[in-house]
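Thanks for coming. I will go through one model this morning, starting at a helix and ending at the ligand.

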Amino acid sequence: MRYVSTRGGGEPLGFAEVLLDGLARDGGLYVPETWPELPPLDELRGRSFAEVAVEVTWPFVDGGVDRASYERIVTDAYATFDTPEVCPVLPIGSLPSGAPLHLLELYRGPTLAFKDVALQLVGWLFDHVLAERDERICVLGATSGDTGSAAMHACAGLERVDAYILYPAGRTSEVQRRQMTTLEADNLCAVEVPGTFDDCQDLVKAAFADEAFRDEVHLAAINSINWARVMAQVTYYVTSHLAVSPDGGPVTFVVPTGNFGNVLAAWVAARCGLPVDRLVVASNRNDVLTRFFSTGTMAIAEVVPTTSPSMDIQVSSNLERLLFEVLGRDGAAVAELLGSFRADGTVSVDETVLGRLRSEFDCGRLDDESAASVIRSVHDRTGLVVDPHTAIGIGVAELLDAEGTWFDPSVPVVCAATAHPAKFPDAVEAAVGIRPELPARLADLFERPERFERVASDLGALEALVRARRG
Ligand SMILES: *Cc1c(COP(=O)(O)O)cnc(C)c1O
């Protein structure tokens, strides 16, 4: 498989280059040159998650990693989950129209959020590809919480990777911070920065823009624009489809999203032949995506803090990959569209393009109060406690169901459960009066010693820290 940039520049690259590069040189994101066909679903039934993952993702990796190594990498990546099913599916009754409702539990990995599913695989892929090339990299990322802890767990102990994750002091949940600061591996460095997530993000961008530094330490990105992460997420849309649709009929997926990474993977699954009825984009109050999918206009707005902080985003990077497709894979058109978005803070697509988007996607938004009432009603109905991100998805499914958006109530609806409720205990307790407990393997999280570095919000200070630790 070869990859091209969504802005049309440069020569096509192989999987290993795309894995290590992250962002294309022309500022675009990498996408496969062609979309492969999924294997027939009947051939995947009854097989383990890791086996399905290899079959589904192999065409994307082919040429970059040999097959025997890839099978071992995938098996190792998913051995860290706390259930052999890796991403189990749980029936939770039905919507008022009668459509069967299911939860896709994506939080059974080491850091209790869906990002583990992709990042555990990416960590092992880095390790393998770097050993083959005899190279080292320095992973640098900013986090508002979930990405950072998942990335650090994925890189812990890797011989050829050093990881620096910047987080805003006092602005992550305590569980999120401790998941970063209590890891013991010497190749990891949690870095506390005074300020906001955007300050952390600006520092990371500045470090990547300093080309001399970038080359000196071999900076690599691990954020959700990395194609390998999107690819890895395709697997659980296939496994959940197998679980809820024994006859292979269409399924509707509802995905709480901010950066458009997770729901893009569902679109990729559909593009490769998975029978999908609707894809639903579920937003919190930071609803740039919902506004775009309903009006065709994307306009930057202020980020407001919500009880689902991992979706508090106003620029959805991964949308660029979908725009590339709906604009007929015209890189120049994508570059122009995003150029004017950056210049004016707003951009619109025409009726034809909006029609193409609407033919596959529905959308909806929920505020914090409604999300809290969803947490309560799901608990009353099923005894299950869901996290605020997951509640946004379920609530939007209920909204669209009430509007009659789904005409065929026999189509099963799968809602992505993106985090364990214990990751956001305060919001859950406020909603339902129950303080969710951490799983046993994390029960001593609050007793473990914390290790972190502190740097000022200043590029020189960050670079000095990285150089000093490299010795
Ligand atoms: C990252 C995250 C999201 C948003 O996912 P995107 O694919 O980046 O939009 C939703 N829920 C949780 C719990 C997350 O950690």
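L459 is found in helix 19, which spans residues 459–470. Helices here are DSSP runs of H or I with at least four residues, strands are DSSP runs of E with at least two, and both are numbered from the N terminus. Before going on, the basis: this is a predicted model, in which local features need pLDDT of at least 70 and side-chain atom pairs count only at pLDDT 80 or more, while totals for chains, interfaces and linings use all residues. Residues are numbered from 1 along each chain as its sequence is written, and side-chain values use heavy atoms, with hydrogens and water left out.

Back to L459. Its relative accessibility is 24%, so L459 counts as partly exposed. The scale is this: buried means under 20% relative accessible area, exposed means over 50%, and partly exposed is in between, with a 1.4 Å probe and protein chains only. L459 and A207 are 252 residues apart in sequence, yet their C-alpha atoms are 6.7 Å apart in space.

Three strands form an open sheet in the order 2-1-3, with antiparallel pairing. Strand 2 (13–14) and strand 3 (30–32) stand at the edges with a single partner strand each, so one side of each has no neighbour in the sheet. For pairing, DSSP has to find at least two bridges between two strands. As background, strands of a sheet pair through backbone hydrogen bonds, either parallel or antiparallel.

Strand 1, residues 2–5, is joined to strand 3 by three bridges, and the two run antiparallel. On that side, V4 has V31 of strand 3 as its bridge partner, and S5 stands opposite Y30 in strand 3. Strand 1 and strand 2 pair over two bridges, also in the antiparallel sense. There, Y3 has L13 of strand 2 as its bridge partner.

**Strand 7**

How many of the residues of strand 7 are buried? Eight of the eight, over residues 161–168, so strand 7 is largely enclosed by the rest of the structure. Both faces are covered: V161, A163, I165 and Y167 are buried on one side, and D162, Y164, L166 and P168 on the other. Strand 7 pairs with strand 6 in the parallel sense over six bridges. In that pairing, V139 has A163 in strand 7 as its bridge partner.

**Two positive phi angles**

Most residues other than glycine have a negative phi. Here are two exceptions. V86 is not a glycine but has a positive phi of about 65°. V86 lies in the loop between helix 4 (67–78) and strand 4 (89–94), and V86 is buried, at a relative accessible area of 3%. D134, also not a glycine, has a positive phi of about 55°. D134 sits in the loop between helix 5 (115–133) and strand 6 (137–142), and D134 is exposed, with a relative accessible area of 59%.

**Cysteines**

A disulfide here is a pair of cysteine sulfur atoms within 2.5 Å. By this rule the count is zero. C200 is buried, with a relative accessible area of 0%. For C272, the closest cysteine sulfur is in C87 at 18 Å, again too far for a bond. C272 is buried too, at 2% relative accessibility.

**The ligand**

Last, the ligand. It is surrounded by 15 residues, and the closest are K115, D146, T257, G258 and N262. A residue counts as near if one of its heavy atoms lies within 4 Å. The shell divides into five nonpolar, eight polar and two charged residues. In that division, Ala, Val, Leu, Ile, Met, Phe, Trp, Tyr, Cys and Pro are nonpolar, Asp, Glu, Lys and Arg are charged, and the others, Gly among them, are polar.

Which atoms of the protein lie at polar-contact distance, meaning a pair of N or O atoms within 3.5 Å? A polar backbone atom of N259 is 2.8 Å from an oxygen atom of the ligand. A polar backbone atom of N262 is 2.7 Å from an oxygen atom of the ligand. A polar side-chain atom of T418 lies 2.9 Å from a nitrogen atom of the ligand. On its own the ligand has 380 Å² of accessible area, of which the protein covers 97%; such areas come from the Shrake-Rupley method with a 1.4 Å probe.

Notes. Polar contact = N/O pair within 3.5 Å; in protein donor to acceptor, adjacent residues only side chain to side chain.
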